[in-house]
Each structure stands twice: as C-alpha cells, then as structure tokens.
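The following note comments on a single-chain model and is arranged as numbered points. Please read it alongside the sequence and the coordinates.

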Amino acid sequence: MNVSSNELQMTALKACRGIGLPIAQAQEVAAAVAASPQAIPDFLKYLSQPLKRADFNFTNGVEVKNANILRDFAVCADAANSGAPSVVIQDIEKSELIIALAKHRGVVVNTQSKDLSITDGTGSKLLFERCDIDANDWTAIGRYAALTYVPETDQSRLDGAGAGLSDND
C-alpha cells in the first residue's frame with residue numbers, strides 16, 4: 001500500500017493519541033515514523049505496550065527505568081541536548097524506531113550491555129517521501145487511530161461530534 005508521508009504522519013499521530021500519549025510526544029513520534037517508515041514494526045510493538053510509570057533518577061545525569069520509548073525518549077533527548085553528563089535508558093535495545101527518534105531529535109544513541117545511552121549530536125534533516133507500507137501494518141495503525149474516534153450516537157452529535165448539516169468542504 002502506497003501512502004504519502006503526511007498521511008502516515010497523521011495516522012501515526014492519531015494512533016499515539018489513541019493509546020493516551022501526550023500530544024507533544026505523539027507529534028515527535030509521528031514525524032519520526034513518517035520520515036523512517038522502516039520503523040513501523042517497532043512502532044506497532046511500542047503502541048501495544050501499556051504506558052507504565054517510568055522511574056527517573058537525576059543523581060548523575062538522567063537514568064530511566066521502565067521507560068516507554070514513545071513517551072520518554074523526548075525528555076531523554078532534551079537532557080542530552082542540554083548537556084546532561086549522562087543519559088541512560090535501562091533495559092531498552094536499539095531499534096529502528098529509536099534510530100528514527102534520535103535522528104529526529106539530533107542525538108546519538110548507543111547501546112551499553114542492555115542499556116541505551118543518549119548523547120548530544122548533530123541535527124539532521126528528515127526526508128519525507130511517499131512510502132510503501134504493509135497492508136497489515138497499516139490496518140494495525142488504523143486500529144490504534146480509531147481509538148480517538150467519538151462513538152456515533154445521537155448524544156455525541158448533540159454534543160458537537162460530526163460534520164452536521166453545515167459541512168461544505
């Protein structure tokens with residue numbers, strides 16, 4: 001299935017919001033996935049994981065346990081870009097999604113045993129192009145995106161959902 005990078009980005013954004021990811025993190029993840037569609041299998045893996053509470057330790061830089069990459073990578077990248085002496089996410093393996101997020105944020109990621117180390121790097125320009133996506137992956141992303149939809153009921157329409165009678169675009 002061939003889709004535009006914009007269509008992929010907006011659907012990935014809705015999928016992130018569907019699992020309860022805050023809007024800022026959802027926007028970053030969606031941009032990274034749209035620029036690196038090879039990260040879609042990893043993206044789907046992280047979408048299926050529950051958003052548990054991460055444990056942050058700021059004693060010697062930033063150390064994170066129980067991280068969810070979709071939610072917690074941004075704060076770690078910010079810390080690395082701000083000059084934190086050490087930024088480590090514990091028990092996370094490097095993946096295509098992490099590489100895409102690192103490229104998007106202009107940081108470098110390395111693995112140290114089972115931990116991911118993040119350091120300041122040089123920014124790189126993301127390239128957005130049409131891409132071919134496996135139909136099953138597209139359907140799976142769409143299922144997560146559908147979690148943002150309002151149920152189609154008379155009450156939801158009375159509350160403002162839907163286009164109504166004045167939709168003229």
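1. The model is predicted. Its chain comprises seven helices and seven strands, and from the N terminus the elements follow the order β-α-α-α-β-β-α-β-α-β-β-β-α-α. The C-alpha trace extends over about 60 × 35 × 25 Å along its principal axes. Of the 169 residues, 41% count as buried. Among contacts between residues at least 6 apart in sequence, 64% join residues at least 24 apart.

2. Helix α5 and its surroundings. Helix α5 covers residues 96–105, and its buried residues are Leu97, Ile98, Ala100, Leu101, Ala102 and Arg105. Which elements do the buried residues of α5 pack against? The partners are the helices α2 (23–35), α3 (40–47) and α4 (69–81), together with the strands β5 (107–112) and β6 (115–120). After α5 comes Gly106, with a positive phi near 70 degrees.

3. Ser95 is placed in the loop between β4 (87–89) and α5. Its relative accessibility is 11%, and Ser95 therefore counts as buried, the limit being under 20%. Leaving aside residues up to four places away in sequence, Ser95 touches Asp42 and Tyr46. In contrast to the buried Ser95, Asp91 is exposed, with a relative accessible area of 59%.

4. Most residues other than glycine have a negative phi. Asp91, although not a glycine, has a positive phi of about 55 degrees. Asn66 is likewise not a glycine and has a positive phi of about 60 degrees. Asn66 lies in the loop between β3 (62–65) and α4. With a relative accessibility of 41%, Asn66 counts as partly exposed, whereas Asp91 counts as exposed.

5. Packing of α1 on α3. Two packed helices are described by the angle between their axes and the distance between the axes. How are α1 and α3 oriented to each other? Helix α1 (residues 5–18) packs with α3 at an angle of about 20 degrees, and their axes are 11 Å apart. Angles under 35 degrees count as roughly parallel, so α1 and α3 belong to that class. The crossing of α1 past α3 is left-handed. On the α1 side, the residues in contact are Leu8, Ala12, Ala15 and Cys16, which meet Ile40, Phe43 and Leu47 of α3. By class, this contact of α1 with α3 has seven nonpolar residues, no polar ones and no charged ones.

6. Aromatic pairing. A pair of aromatic rings is described by the distance of the centres and the angle of the planes. With ring centres required to lie within 6.5 Å, the count comes to one aromatic pair. Phe56 and Phe58 form this pair, with 5.9 Å from centre to centre and 10 degrees between the planes. Planes under 30 degrees apart count as stacked, so the pair of Phe56 and Phe58 is a stacked one. Are the two residues buried or exposed? Phe56 is partly exposed, at a relative accessible area of 32%, while Phe58, at 57% relative accessibility, counts as exposed.

Definitions and conventions. Residues are numbered from 1 along each chain as its sequence is written. This is a predicted model: local features need pLDDT of at least 70, side-chain atom pairs count only at pLDDT 80 or more; totals for chains, interfaces and linings use all residues. Side-chain values use heavy atoms; hydrogens and water are left out. Rings of Phe, Tyr and Trp (its six-membered ring) pair if their centres lie within 6.5 Å; planes under 30 degrees apart count as stacked, over 60 as edge-to-face and the rest as tilted. Buried means under 20% relative accessible area, exposed over 50%, partly exposed in between (1.4 Å probe, protein chains only). Helices (H or I, at least four residues) and strands (E, at least two) are DSSP runs, numbered from the N terminus. Contact means heavy atoms within 4.5 Å. Axes are lines fitted to C-alpha atoms, for helices over the stretch in contact, and angles run from 0 to 180 degrees between N-to-C directions. Angles under 35 degrees count as roughly parallel, over 145 as roughly antiparallel, 65 to 115 as roughly perpendicular and the rest as oblique. A crossing is left-handed if the near helix is turned anticlockwise from the far one by less than a right angle, and right-handed if clockwise. Ala, Val, Leu, Ile, Met, Phe, Trp, Tyr, Cys and Pro count as nonpolar, Asp, Glu, Lys and Arg as charged, and the others, Gly among them, as polar.
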